[in-house]
Amino acid sequence: MTAASVTLREVRDDDLSAFWEHARDPEAQQVAAVTREYHYDQKLFDAHMARVRGNPDVRMRTVLADGVVAGHVAVYGPPDEREVTYWIGRSQWGRGVATTALSQLIALEEARPVYAHVVADNTGSLRVLEKCGFVVTGRDRGFAFARGQEVDEVLLVLEGR
């Protein structure tokens with residue numbers, strides 16, 4: 001696959017249907033592992049997105065790859081505990097979309113440090129975070145809703161500007 005032209009923009013109402021399609025993809029859920037109930041129920045998903053979009057502490061952006069909605073990236077939490085999250089549609093995996101989008105998002109974010117965590121066997125996401133400057137700081141265990149069991153997680157941090 002060729003690299004995509006990636007841009008971020010403010011989330012629009014009409015982006016949410018693409019976000020829902022990405023979130024409910026069973027294969028993507030298994031890879032991400034740490035899903036929530038709203039990944040399986042559109043009403044819960046819509047309510048979650050309304051809360052996120054209404055929260056001034058969340059900086060969320062739509063990711064466009066070659067002009068098409070490819071997913072979303074966000075940073076959230078109090079200034080000393082900011083954390084990143086992202087979800088990119090499976091059709092865009094392997095094209096550098098997540099890495100470019102996350103790089104663009106963290107360039108907008110003033111606060112440092114910024115944290116991330118990822119399921120240990122999600123090597124693609126771990127690689128994205130490391131390419132963006134995140135450094136592994138530890139390991140933990142967490143319940144993975146999509147897998148119905150506890151999984152190993154990798155904890156990461158991005159320091160400095």
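Q: What makes up the lining of the largest pocket, in terms of nonpolar, polar and charged residues?
A: In this predicted model, the lining divides into 26 nonpolar, 13 polar and six charged residues.

Q: Which residues lie nearest the centre of the largest pocket, and how many line it?
A: There are 45 lining residues, and Ala-32, Thr-85, Tyr-86, Trp-87 and Ser-125 sit nearest the centre. The space in that pocket comes to about 1,200 Å³.

Q: Which helices and strands each supply at least two residues of that lining?
A: On the helix side, they are helix 1, helix 2 (26-32), helix 3, helix 4 (97-108) and helix 5 (123-131).

Q: Why is helix 1 called oblique to helix 3?
A: The axes of helix 1 (residues 16-23) and helix 3 (residues 42-54) cross at roughly 125 degrees and come within 11 Å. Roughly perpendicular stops at 115 and roughly antiparallel needs over 145, so an angle between those cut-offs is oblique. Helix 1 is therefore oblique to helix 3. As for handedness, the crossing of helix 1 and helix 3 is right-handed.

Q: Which residues make the contact between helix 1 and helix 3?
A: Helix 1 brings Leu-16, Phe-19, Trp-20 and Ala-23, while helix 3 brings Gln-42, Phe-45, Met-49 and Arg-53. That set splits into six nonpolar, one polar and one charged.

Q: What makes helix 4 oblique to helix 5?
A: Their axes cross at roughly 40 degrees, coming within 9 Å. Roughly parallel means under 35 degrees and roughly perpendicular starts at 65, so an angle between those two falls under oblique. That is why helix 4 is oblique to helix 5. Helix 4 also passes helix 5 in a right-handed crossing.

Q: Which residues of helix 4 and helix 5 make their contact?
A: Ala-98, Thr-99 and Leu-102 come from helix 4, with Val-128, Leu-129 and Lys-131 from helix 5. They divide into four nonpolar, one polar and one charged.

Q: Is the peptide bond from Arg-112 to Pro-113 cis or trans?
A: Cis, with omega near 5 degrees. Pro-113 belongs to the loop between helix 4 and strand 5. Most peptide bonds are trans.

How values were computed. Residues are numbered from 1 along each chain as its sequence is written. This is a predicted model: local features need pLDDT of at least 70, side-chain atom pairs count only at pLDDT 80 or more; totals for chains, interfaces and linings use all residues. Side-chain values use heavy atoms; hydrogens and water are left out. Axes are lines fitted to C-alpha atoms, for helices over the stretch in contact, and angles run from 0 to 180 degrees between N-to-C directions. Helices (H or I, at least four residues) and strands (E, at least two) are DSSP runs, numbered from the N terminus. A crossing is left-handed if the near helix is turned anticlockwise from the far one by less than a right angle, and right-handed if clockwise. Contact means heavy atoms within 4.5 Å. Ala, Val, Leu, Ile, Met, Phe, Trp, Tyr, Cys and Pro count as nonpolar, Asp, Glu, Lys and Arg as charged, and the others, Gly among them, as polar. On a 1 Å grid over the protein atoms alone, a cavity is a set of points where a 1.4 Å probe fits but cannot get out, and a pocket is an open set with protein on both sides within 12 Å along at least five of seven lines; lining residues have an atom within 4 Å of a point. Grid points are joined across faces, edges and corners, and a volume is the space filled by probe spheres set on the points.
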